[in-house]
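Biologist: Can you walk me through this model? Keep it simple, please.

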Amino acid sequence: MPAEAHSDGASEPQRSSRRFPTLTRDTARPEGGGRAASGEHSAPARQWPLLTVMGGVALGLLLVALDAFRIGSLVVGLSLLAGAALRWALPSVGMLAVRSRFTDLATYGVLGFVIVVLSMMVQPKPWIHVPFLDDIVHFTVR
C-alpha cells in the first residue's frame with residue numbers, strides 16, 4: 001500500500017495489519033483528570049482532591065486501629081462519598097479521576113454508601129436495623 005501524502009509533502013507509513021499494536025505507547029487522560037491547581041503550585045497542592053480523600057480514609061483506618069471500628073469505618077465511607085462529590089462538582093480533580101466521570105461517581109458513591117450503611121449495622125447495638133437481612137441470614141445459615 002502506498003503511504004499517504006500530507007499537504008507539507010511528508011508521508012506517513014500505513015499499518016500493514018488491522019490488529020492493535022502489542023505495545024501501548026500512550027493512554028488518554030480521563031475526563032477531568034487535569035491538574036486541580038495551576039502548574040505554579042507544588043505537587044501536593046495540585047492533587048488536593050485525592051489527598052483529601054486519602055487523608056480521610058487514613059484517618060478512618062487509624063480510628064479502626066485504635067478500636068473505634070464503627071466511627072472509623074463511617075469516616076472511610078464518608079471520605080469515599082466526599083470523593084464522589086468532588087468528582088461530580090469539580091471540572092478537574094487530578095489523580096482522583098481514574099476512569100470516566102460516570103464510572104468514578106458510581107464507584108466512589110456505591111462503595112461509600114455501602115461502607116456507611118454497613119458501619120451503621122455493626123453489632124453490638126446497631127444504629128440501623130434492616131429486618132429482611134435477618135431473614136436472609138436465617139435462610140442461608142439454618
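Biologist: Which residue forms a salt bridge with Asp 104?
Modeller: Arg 87 does, and the closest N and O atoms are 2.7 Å apart. A salt bridge here means a side-chain nitrogen of Lys or Arg within 4 Å of a carboxyl oxygen of Asp or Glu. Keep in mind that this is a predicted model: local features need pLDDT of at least 70, side-chain atom pairs count only at pLDDT 80 or more, and totals for chains, interfaces and linings use all residues. Residues are numbered from 1 along each chain as its sequence is written, and side-chain values use heavy atoms, with hydrogens and water left out.

Biologist: Which parts does that pair tie together?
Modeller: Asp 104 sits in helix H4 and Arg 87 in helix H3, so the pair links parts that are 17 residues apart in sequence. Helices (H or I, at least four residues) and strands (E, at least two) are DSSP runs, numbered from the N terminus.

Biologist: Are Asp 104 and Arg 87 buried or exposed?
Modeller: Both Asp 104 and Arg 87 are buried. Buried means under 20% relative accessible area, exposed means over 50%, and partly exposed is in between (1.4 Å probe, protein chains only).

Biologist: How many salt bridges does the whole structure have?
Modeller: The search finds one.

Biologist: New topic. What makes up the largest nonpolar core?
Modeller: Nine residues: Leu 50, Val 53, Leu 80, Ala 84, Leu 86, Val 93, Leu 96, Ala 97 and Tyr 108. Helix H2 (48-65) and helix H3 (69-89) are the elements that give two or more residues to this core. H3 gives the most, with three. A nonpolar core is a set of buried Ala, Val, Leu, Ile, Met, Phe, Trp, Tyr and Cys residues joined through side-chain atoms within 4.5 Å.

Biologist: What does Tyr 108 touch?
Modeller: Leaving out residues up to four places away in sequence, Tyr 108 touches Leu 80, Leu 81, Gly 83, Ala 84, Leu 96 and Val 98. Contact means heavy atoms within 4.5 Å.

Biologist: And the outside? Which residues make the nonpolar surface patch?
Modeller: Leu 78, Leu 81, Val 110, Phe 113, Val 114 and Leu 118 make a patch of about 530 Å². H3 and helix H4 (101-121) are the elements that give two or more residues to it. H4 gives the most, with four. Patches use residues with over 30% relative accessible area and no salt bridge; like charges are joined within 9 Å, and nonpolar side chains (Val, Leu, Ile, Met, Phe, Trp, Tyr) within 5 Å. Areas come from the Shrake-Rupley method with a 1.4 Å probe; for residues, only the protein chains shown count as cover.

Biologist: Why does Phe 113 count as exposed?
Modeller: Because its relative accessibility is 53%. Phe 113 lies in helix H4.

Biologist: What does UniProt list as "transmembrane region"?
Modeller: The unreviewed UniProt entry lists residues 48-65, 71-90 and 102-122. UniProt positions use the numbering here, feature names are shortened, and annotations may be inferred rather than shown by experiment. In the model, residues 48-65 are 100% helix and 0% strand, with end C-alpha atoms 25 Å apart. Residues 71-90 are 95% helix and 0% strand, with end C-alpha atoms 28 Å apart.

Biologist: Now the loops. Where is Asp 67?
Modeller: Asp 67 is in the loop between H2 and H3. Asp 67 has a positive phi of about 75°, although it is not a glycine. Asp 67 counts as exposed, because its relative accessibility is 72%.

Biologist: Last one. What pattern does the chain follow?
Modeller: Along the sequence, it reads β-β-α-α-α-α-α.
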